Amino acid sequence: MEGELPEGTVRNILEQESLKWVFVGGKGGVGKTTCSSIISILLASVRQSVLVISTDPAHNLSDAFQQRFTKIPTLVNGFTNLFAMEVDPKVENDDLTNDDGLDGFISELTNAIPGVDEAMSFAEMLKLVQTMDYSVIVFDTAPTGHTLRLLQFPSTLEKGLAKVMTLKNRFGGIISQATRLFGLGDEFSEDAMLGKLEGMKDVIEQVNRQFKDPDLTTFVCVCIPEFLSLYETERLVQELAKFEIDAHNIIINQVLFEDEAVESKLLKARIKMQQKYIDQFYMLYDDFNITKLPLLEEEVCGVEALRKFSQHFTKPYKPSLTRGTIEELEQRVSLLRSQLKDAESELQKLKKGKEKA
Ligand SMILES: Nc1ncnc2c1ncn2[C@@H]1O[C@H](COP(=O)(O)OP(=O)(O)OP(=O)(O)O)[C@@H](O)[C@H]1O
Ligand SMILES: [Mg+2]
């Protein structure tokens, strides 16, 4: 049974040389930034150049790598081919909002189709990134809902454009008359604005085609072994299927392993609870690569800690003891044997001491 399952690591991502876009997503605080940082570190060892982008306004790549990043790709300390950048989808579109003509137009459009401003800045960012020639780009995405909205943008924008076009057709030259009336130059004319939007649409459509191509794009779902996270993951997987975005990796983070005989009642109960949900993950996603990561005593901060933790991404985590297996019994027996030996030699020593006295 065990042998039929896909291997429990993310090695498949490292081996898929055609991959260009890797999205890492999941609920808040489950370990997306940690996982995307480590996946990009691992990719940097097998690919020519890697860019990791955070599209989360909370900007936490800087925390993970302990290095300040901006909206310009910056080399990560200690690497020659790993770059990181942090973009805020909300304020990134200075390009679009700084000139008055477009500002009004965009805010009109934003009112008409919520999310279009984010779509535009996302498109701008992708346009930029595409000219930069990285072998593979890893996205540390914002929590679930936001991610899906991001992937929905091509259709959002398309709808927006259609709306604008009907308005334009309906009202004829009113907009251009108005721009002339207010003395705005050609660059603010509705044709220029539409041109800009059309340009964005091209980028988004092109990128969208790439996102729907499983040779180029995959989505890694990060979660923890709890009910809500299982539920969210299922929702995410279904949404991704709806958007035709490939997903075949699940990372279950913060797993408690029964490494040593755990004494704490609380821990024992948590382990049991986690196991219940882990079993369900395996049942629901038997065709996924499921990687389990241990919960550590401390945070995963800085390149060294990330590198150290990365070993669990390529080799399945092996707790030293698994309850109820022959291996565990053997280990227990050998532990008892060695304890017995120690006790016997203690006893011998004591006896000898007594004899001498
Ligand atoms: N397995 C683990 N053991 C211990 N600490 C961990 C583990 N995984 C992640 N952490 C720590 O938990 C915190 C949250 O992780 P991370 O920032 O990767 O989550 P996130 O999903 O990106 O969160 P957010 O939704 O806020 O962006 C970080 O401080 C990280 O170092
Ligand atoms: Mg994060």
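Around ligand 1, the shell splits by class into 8 nonpolar, 8 polar and 3 charged residues. Here Ala, Val, Leu, Ile, Met, Phe, Trp, Tyr, Cys and Pro count as nonpolar, Asp, Glu, Lys and Arg as charged, and the others, Gly among them, as polar. Keep in mind that this is a predicted model, where local features need pLDDT of at least 70, side-chain atom pairs count only at pLDDT 80 or more, and totals for chains, interfaces and linings use all residues. Residues are numbered from 1 along each chain as its sequence is written, while chains are lettered from A and ligands numbered from 1 in the order in which they are written.

**Around the ligand**
- Of the 19 residues around ligand 1, the ones that come nearest are K32, T33, T34, L296 and E299 (near means a C-beta atom, placed from the backbone, within 6 Å).
- Helices (H or I, at least four residues) and strands (E, at least two) are DSSP runs, numbered from the N terminus.

**The annotated binding site**
- UniProt, in an unreviewed entry, puts a "binding site" at K27, G28, G29, V30, G31, K32, T33, T34, E226 and N253.
- UniProt positions follow the numbering used here, feature names are shortened, and annotations may be inferred rather than shown by experiment.
- K27 sits in the loop between β1 and α2, and it counts as buried because it has 22 C-beta neighbours inside 10 Å.
- V30 is in the loop between β1 and α2, and is buried too, with 24 other C-beta atoms within 10 Å.
- Buried takes 20 or more other C-beta atoms within 10 Å, exposed 12 or fewer, and partly exposed is in between, with C-beta atoms placed from the backbone.
- Leaving aside residues up to four places away in sequence, V30 touches V222, C223, I224, S229 and N253 (contact means C-beta atoms, placed from the backbone, within 7 Å).

**The sheet**
- There are 8 strands in an open sheet, ordered β3-β4-β2-β5-β1-β6-β7-β8, with mixed pairing (strands pair if DSSP finds at least two bridges between them).
- β3 (74-75) and β8 (289-294) are at the edges with a single partner strand each, so one side of each has no neighbour in the sheet.
- β2 (residues 50-54) pairs with β4 (residues 82-86) in the parallel sense over 5 bridges, and V52 stands opposite A84 in β4.

**The coiled-coil annotation**
- The unreviewed UniProt entry marks residues 326-353 as a "coiled-coil region".
- That span, 326-353, is 100% helix and 0% strand, and its end C-alpha atoms lie 40 Å apart.

Definitions and conventions:
Contact = placed C-beta atoms within 7 Å.
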